[in-house]
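Please keep the sequence and the coordinates at hand while reading.

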Amino acid sequence: MKKLIYILLIVSISSVAQQKFITKTGSVNFEASVPSFEEVKAKNNSVTAILNADNGEFAALVLVKAFRFKNALMEEHFNENYAESSQFTKATFKGKIENFNVNELSTSKKTYKINGELTFHGVTRPISDCNILLSKNENTIEFSGNLNVKASDFDIKIPSIVKNKIAEDIHIDFMFELVK
């Protein structure tokens with residue numbers, strides 16, 4: 001009897017674990033460039049994300065100091081003056097994919113909407129009706145999309161001396177290869 005309970009426990013744990021898709025190498029990129037000025041663009045390729053395939057819940061965690069710029073001085077200013085990454089070390093997104101059914105995914109990309117909350121710089125804002133693309137190939141789900149946010153929505157102050165060189169609207173792209 002003890003052996004049967006042990007086997008049932010293992011089977012139930014493994015079946016639950018099979019419904020989670022995860023990555024630690026997702027990417028989030030942002031751009032706040034203004035024409036005729038130096039590019040304000042950064043990449044972060046060490047984003048952790050998880051998708052619960054049972055219900056479409058999704059979460060991502062971004063370490064703010066992991067954003068890389070072409071210009072080291074711009075990266076330093078981003079971390080010290082804008083993102084204040086020593087105080088606000090991470091950004092998170094928690095949400096749910098509308099009408100998600102893992103069994104409907106295929107190798108062809110399909111558009112879904114995700115709603116949730118984005119937290120950055122200590123401020124949490126709702127994100128609604130964000131289009132994402134999903135596809136599935138064996139044990140991997142590819143998850144990608146983009147959204148636009150405003151720096152002021154996250155209490156990011158842009159000094160007047162550089163206000164015309166940094167866009168108020170920030171374009172964010174994301175891509176995750178989530179593995180079972």
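## Aromatic pairs

Rings of Phe, Tyr and Trp (its six-membered ring) are taken as a pair if their centres lie within 6.5 Å, and the planes count as stacked when under 30 degrees apart, as edge-to-face when over 60 and as tilted for the rest. The model is predicted, so that local features need pLDDT of at least 70 and side-chain atom pairs count only at pLDDT 80 or more, whereas totals for chains, interfaces and linings use all residues. Residues are numbered from 1 along each chain as its sequence is written, and side-chain values use heavy atoms, with hydrogens and water left out.

By this rule there are 13 aromatic pairs. In one of them, the ring centres of Phe 58 and Phe 93 are 6.4 Å apart with the planes at 45°, so the pair is tilted. Because Phe 58 belongs to strand 3 and Phe 93 to strand 5, this pair ties together parts that are 35 residues apart in sequence; strands here are DSSP runs of E with at least two residues, helices are runs of H or I with at least four, and both are numbered from the N terminus. Phe 58 and Phe 93 are both buried, where buried means under 20% relative accessible area, exposed over 50% and partly exposed in between (1.4 Å probe, protein chains only).

The rings of Phe 143 and Phe 174 have centres 6.1 Å apart and planes at 45°, so this pair is tilted. Phe 143 lies in strand 8 and Phe 174 in strand 9, so the pair ties together parts that are 31 residues apart in sequence, and both residues are buried. Phe 58, Phe 93, Phe 143, Phe 174 and Phe 176 form one aromatic cluster.

## The lining of the largest pocket

A pocket is an open set of points on a 1 Å grid over the protein atoms alone, where a 1.4 Å probe fits and protein lies on both sides within 12 Å along at least five of seven lines; lining residues have an atom within 4 Å of a point. For the largest pocket the lining comprises 44 residues, with Phe 30, Phe 69, Phe 78, Phe 120 and Ile 170 nearest its centre. Helix 2 gives the most to this lining, with six residues.

## Positive phi values

Most residues other than glycine have a negative phi. Glu 84, however, has a positive phi of about 50°; this residue sits in the loop between helix 2 (72-82) and strand 5 (90-97) and is partly exposed, at 29% relative accessibility. Asp 129 likewise has a positive phi, near 50°, but lies in strand 7 (residues 123-137) and is partly exposed, with a relative accessible area of 46%.
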